[in-house]
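Q: I'm new to this one and would like to be walked through it piece by piece. Could you take my questions as they come?

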Amino acid sequence: MTTKENPGVFPLGNELPEMFSKYFVGQAYLQPLTDKGGPIANVTFEPGCRNNWHIHHKGGQILLVTGGEGWYQAWGEPARKLHPGDVVNIPPEVKHWHGAAKASWFSHLAVEVPAEGASNEWLEAVSNKEYNRL
C-alpha cells in the first residue's frame with residue numbers, strides 16, 4: 001500500500017469518485033475548493049498517476065501547480081515537465097493530459113474556465129509506452 005503524501009498546500013481530499021477515476025491510470029485525490037466563479041479543485045496524483053487525454057469544450061482549463069513534479073502534454077506537442085509555481089493555460093478544444101512524474105507525487109489546482117455550454121470530453125488513456133518515454 002502506498003503511503004499518502006500531500007505535496008501541496010491545500011487538503012489532499014478523497015479518492016476520486018468512480019465517475020472520474022475511470023479516466024485515470026493510477027490513484028488521484030480530489031478536494032473541491034470553491035464553486036464560485038469557475039469551479040476550483042485541488043487534484044493530487046500518486047506517483048505515475050495520470051488522466052486520460054481529454055478536451056475541455058468551450059471553456060478551457062488553467063492548472064496552477066502547487067507541489068511535486070508532473071507532466072502536461074497537448075496533442076502533437078512534446079510533454080512539458082511541471083514544478084510548483086508553474087501555470088498551464090489550456091485553451092478550449094485542445095486535446096491534452098496531465099499527471100504525476102513516475103517517482104513523485106503531484107498536486108495542482110484545476111480551474112475550470114466558465115463558458116456557456118462548456119463540457120469535458122474524456123478520450124483514450126495515455127499508454128504506458130508513451131508515458132514511460134518521459
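Predicted model: local features only at pLDDT ≥ 70, side-chain atom pairs only at ≥ 80, totals over all residues.

Q: Which residue in S4 is the bridge partner of Gln 31?
A: The partner of Gln 31 in S4 is Asn 42.

Q: And how many residues lie between S3 and S4?
A: There are 5 residues between them, and the two strands form a hairpin, in whose turn Gly 37 has a positive phi of about 70°.

Q: What other strand is S4 joined to by 6 bridges, S12 or something else?
A: It is strand S12 (residues 106-112), which runs antiparallel to S4 and is joined to it by 6 bridges.

Q: How many residues of S4 are buried?
A: In strand S4 (residues 40-45), 5 of the 6 residues are buried, so the strand counts as mostly covered.

Q: Switching to rings, how many aromatic pairs does the structure hold?
A: It holds 7 aromatic pairs. In one of them, the rings of Phe 45 and Phe 106 have centres 5.7 Å apart and planes at 35°, so this pair is classed as tilted. The pair links distant parts of the chain, since Phe 45 is in strand S4 and Phe 106 is in strand S12, 61 residues apart.

Q: Is Phe 45 buried or exposed?
A: Phe 45 is buried, because its relative accessible area is 0%, and Phe 106 is likewise buried with a relative accessible area of 0%. Both belong to one aromatic cluster, which is formed by Tyr 23, Phe 24, Phe 45, Phe 106 and Trp 122.

Q: Now for His 98, where is it found?
A: His 98 is found in strand S11, which covers residues 96-100. His 98 counts as buried because its relative accessibility is 3%, and buried means under 20%.

Q: Which side chains make a polar contact with the side chain of His 98?
A: The side chain of His 98 makes a polar contact of 3.4 Å with that of Gln 61, and another of 3.1 Å with the side chain of His 108. Leaving aside neighbours within four places in sequence, the residues in contact with His 98 include Phe 45, Arg 50 and Trp 71.

Q: Which ring does the charged end of Arg 50 sit over?
A: The charged end of Arg 50 sits over the ring of Tyr 131, 4.3 Å from its centre, while the charged end of Lys 95 sits over the ring of Trp 75, 3.7 Å from its centre.

Conventions: Residues numbered from 1 in each chain as written. Heavy atoms only, no water. Helix = DSSP H or I, 4+ residues; strand = E, 2+ residues; numbered from the N terminus. Buried < 20%, exposed > 50% of the residue type's maximum accessible area, 1.4 Å probe, protein only. Polar contact = N/O pair within 3.5 Å; in protein donor to acceptor, adjacent residues only side chain to side chain. Contact = heavy atoms within 4.5 Å. Pairing = 2+ DSSP bridges. Phe/Tyr/Trp six-rings, centres within 6.5 Å; stacked < 30°, edge-to-face > 60°. Lys NZ or Arg CZ within 6 Å of the ring centre and 35° of its normal.
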